[in-house]
Every structure is written in structure tokens, then in C-alpha cells.
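Please keep the sequence and the structure in view while reading.

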Amino acid sequence: DEKEQLIKYKSSIASLVGRAKTIVQLKPRNPDNAIKTTIPIKAICDYRQIEITVCKNDECVLEDNSYRTKWKVISPTGNEAMVPSVCFTIPAPNEEAIDTGS
């Protein structure tokens, strides 16, 4: 049963990775536009590894966005680690998007 679930999740993740390549990225999400200062971000899921634990709705800090799939993040407890960027949202407002739309 667990093996079937893992296969299902692997397929779902592969599908999402493929679809993600077609999404137009806002500059903070785009590694071609390195951030010049830290940006507040919010976790949309739990994530655990040896160096860091992030819980859903934690407010963290984006320190480095130079890789598309992983960001250097600082957790609320001050731990730093590379974490999958899909685990976070960049809260509104995005000033650049507002300026572009005006």
C-alpha cells in the first residue's frame, strides 16, 4: 500500500515539475534575478531535514534565490538551509508586479 502511494506521489510530482516550467515567474522566484536583500516568505507545507525544520505557515526569510528549485532560507528559529522553493509563497504585495500593471 505504501509502495503504491509512493509511486502515485512520484508521478504527481513529475507532472508538477513539468508544468512548472511553463509558469511565468515573478522576479523573486526567478534565479536570473538574484535578490539584493532578504525577502519575507511563508511556508505552505511542512518540511524537515537535518539542518532545518519548517512548519506550514511559518514566516521565514529568503536569503538566496540563485537556484531555481532550492532556496537558501532562514527558519523562524534562525537555522539556515537549502529548501525546495515550492515549499514557500512570497506574500503579497509584489511591488514590481503592481508597478508593471499600473
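Two salt bridges are counted in this predicted model, a salt bridge being a side-chain nitrogen of Lys or Arg within 4 Å of a carboxyl oxygen of Asp or Glu. Side chains of opposite charge can pair when their charged atoms come close. Lys 72 pairs with Glu 63, with 3.7 Å between the closest N and O atoms. Lys 72 also forms a salt bridge with Glu 80, where the closest N and O atoms are 3.4 Å apart.

Lys 72 is partly exposed because its relative accessible area is 30%. Glu 63 is likewise partly exposed, with a relative accessible area of 30%, and Glu 80 counts as partly exposed at 39%.

Some points on the basis of these values are in order. Residues are numbered from 1 along each chain as its sequence is written, and side-chain values use heavy atoms, with hydrogens and water left out. As this is a predicted model, local features need pLDDT of at least 70 and side-chain atom pairs count only at pLDDT 80 or more, whereas totals for chains, interfaces and linings use all residues.

Glu 80 leads on to Glu 51. Leaving aside neighbours within four places in sequence, Glu 51 is in contact with Asn 79, Glu 80 and Ala 81, contact meaning heavy atoms within 4.5 Å. The C-alpha atoms of Glu 51 and Ala 81 are separated by 6.1 Å, although the two residues are 30 residues apart along the chain. Glu 51 itself lies in the loop between β2 (47–48) and β3 (53–54); helices (H or I, at least four residues) and strands (E, at least two) are DSSP runs, numbered from the N terminus. Since its relative accessibility is 47%, Glu 51 counts as partly exposed.

Asn 57 is found between β3 and β4 (59–64), and its phi is near 75°, a positive value in a residue other than glycine. Asn 57 counts as partly exposed because its relative accessibility is 47%.

Helix α1 (residues 2–20) contains Ile 13. With a relative accessible area of 51%, Ile 13 is exposed.

Of the 102 residues, 23% count as buried. Among contacts with a separation of 6 or more, 45% are between residues 24 or more positions apart.

Confidence is expressed as pLDDT, the predictor's confidence in each residue, from 0 to 100. The mean pLDDT of the protein chain is 86, and 85% of its residues reach 70 or more. Among the elements, β3 has the highest mean pLDDT (96) and helix α2 (residues 95–101) the lowest (70). Where pLDDT is low, the predicted coordinates should not be read in detail.

Technical notes
Buried means under 20% relative accessible area, exposed over 50%, partly exposed in between (1.4 Å probe, protein chains only).
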